[in-house]
Amino acid sequence: MNTLIAIGVLAVLVLVAEIINLRKIVIPMTIVGLLGILVYTLCNIDVVEAYYNNMFVSTKFSTAFSSLFIALTVFLVGMSKDFYKKEYSKIADYISLKLFLLMGAICMVSFGNMAMFFLGLEILSITLYILCGTEIKNIKSNEAAMKYFLLGSFASGVVLFGIALVYGATGSFDLVQITKTASTSSLPIWYPLGVIMIIIGMLFKIAAVPFHFWAPDVYQGAPSLTTAMMSTLVKVAAVATLYKLSLALFSHMPEYFTGVIVVIAILTMTVGNIMAIRQDNMKRLLAYSGISHAGFMMMALTALGSATSNLFYYASAYAIAGIAAFSVLIIVTKNKDNELISNFYGLGRRNPLLAVVLSIGLLSMGGIPIFAGFFGKFFLFSQAISNGYIALVIFGVINSFISIYYYLKVIIAMFSNYEENTDELDVPLSYKVIGVTAVAINIIIGLCPSLLLNLFN
C-alpha cells in the first residue's frame, strides 16, 4: 500500500513542479522517485498484508508484478523527454498520466476486493484513452483513441456486469469470501455467467482471439511511446490480472473451461503469428506479435497456482524485449509519417548499436537461446507437458518457429546492403542507455533465470 501511496504522491509532485515552473526537473525527479519506490517495494517482497478490509492485499505475486511495472515505467519515462520535445510544455501532464496508469496497474494485481479491481482497471483504461489521443493534429491518433475508447468501454461494461452477477450469486465483493462461498455451497447459474463475462472482458484487454481486432489499428495510430506502454506494461498487467482472477474464480468451475482456455491460447498464438507475417508496418507487426505472446502467456492458465513464477518470468522477458524494440523503433521512425519496415533498411551500417539492440529484442521474443525469451517459453512448455497438454505445446513450438521468420525478416532488412535511407540518425543518450540496459537485463535473466524465479520461493 505504501508503494501505491508513494506513486500517487510522486504524480502530484510532478504536477506541482509544472505549476511552479520547474519543468526541467520533472523527468529526473520521476526517475529517481520511481527507482527509490522500486527498491522499497523489492525490499518488502516477503511482506504479506491486507489493508482496508481486504481491499488492497500485498503478496509476493502483487509485489513482484508491481516491481516489474515500476521498472517498465522508469524506461518509458526515460524516453519521454526527447519524444515529447515538440510538446515540452505538456511534459508534466504526460508523465503524471503515466504514473496514474502505473497506479491502476498496481491496483489490478493487488486487489482483494472486486471493487478495487474495477477501480484499478478504469484508472488504467481512462489514462490510456487520453494518451492514445495526445497527438491532436494526427488523424490516426484520434482514430486510435476513439476506437480504443469505444471498444474498451464496452469491455469494461462487460466486466462490470460480470462483477454484479458474481456479487448477486455470492453476496460479496471480497475475493476470499467469493472463493469460500463458491467452494462450500451450490451457487445459481448467474455465478458462472458472471465469471465468464469477467474473463471475456479481460481477454479483450490482453487482445486474445477473438477479441484482438482492435489491437493492430490502435497500436499503429497511437503515439509510439504510448504503443510501447500498451505493448509492455498494460499487456503484462492485464495478463497478470487474468491469472489472479482465474485462480480465485476458476477453481470450482467445470473442467471444460480449461479446454476453452487451451483453444483460445492456440488460436491467439496462431492468428497473431500468421497475421504478423503479412505486415510491412513495424508497429502492426509488433501488435500481432503481442497478440501471439498473449497466447503464450495464457498457457499459465492451465496450471493455476503452480505457474506463477513461470508467468512472471515470461512476462518480464517479453516486456523487457519490447522496451528494447520500441526504443529503436521510436528513433528510426522519428519525423517520419509511417513506421514501415523499409525505414530499417541498412540500419546496421547507419547505427550498429541500434541494430544490435533491436536484433536482440526480436530474437528474445522469438525464443532464441541465450536470451530470456527462450527460457520463458521453455518453462511454460515444460509445465504444460507435465500437466498433459501436449497439443498445446506442439502448437506453441510451431508458432515459435513462425515468429522467428518475421523477426528475421526485420533483422535481415537492417543488415542488408540495400539502403533506402542513408540519413544519419540523431540518437539521444537516454535511448542508447535504455536500449543497452534493456538487452543487458534480458541476457542476464536469460543466463540466470533463478534471479526472478526465486522471488516466489
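This is a predicted model: local features need pLDDT of at least 70, side-chain atom pairs count only at pLDDT 80 or more; totals for chains, interfaces and linings use all residues.
Reader: What is Phe65 in contact with?
Author: Setting aside neighbours within four places in sequence, Phe65 contacts Val109, Val236, Ala240, Leu311, Phe312 and Ala315.

Reader: Switching to helix H3, how many of its residues are buried?
Author: 17 of the 19, so H3 is largely enclosed by the rest of the structure. The helix covers residues 60-78 and reaches 27 Å from first C-alpha to last, close to the 27 Å expected.

Reader: What about Ala237, buried or exposed?
Author: Ala237 is buried, with a relative accessible area of 0%. Its place is in helix H11, residues 224-249. Beyond four places in sequence, its contacts are Phe69, Ala105, Met108, Val109 and Leu124.

Reader: How far apart are Ala237 and Ala315?
Author: They sit 78 residues apart in sequence and 9.2 Å apart in space, C-alpha to C-alpha.

Reader: New topic: at what angle do H16 and H18 cross?
Author: Roughly 170 degrees, with the axes coming within 9 Å. That angle is over 145, so H16 is roughly antiparallel to H18.

Reader: Which residues make the contact?
Author: Among them are Leu358 and Leu362 of H16, and Ile404 and Tyr407 of H18. The contact residues divide into 11 nonpolar, 4 polar and no charged.

Note on methods: Residues are numbered from 1 along each chain as its sequence is written. Side-chain values use heavy atoms; hydrogens and water are left out. Axes are lines fitted to C-alpha atoms, for helices over the stretch in contact, and angles run from 0 to 180 degrees between N-to-C directions. Helices (H or I, at least four residues) and strands (E, at least two) are DSSP runs, numbered from the N terminus. Angles under 35 degrees count as roughly parallel, over 145 as roughly antiparallel, 65 to 115 as roughly perpendicular and the rest as oblique. Contact means heavy atoms within 4.5 Å. Ala, Val, Leu, Ile, Met, Phe, Trp, Tyr, Cys and Pro count as nonpolar, Asp, Glu, Lys and Arg as charged, and the others, Gly among them, as polar. The expected span of a helix is 1.5 Å times one less than its number of residues. Buried means under 20% relative accessible area, exposed over 50%, partly exposed in between (1.4 Å probe, protein chains only).
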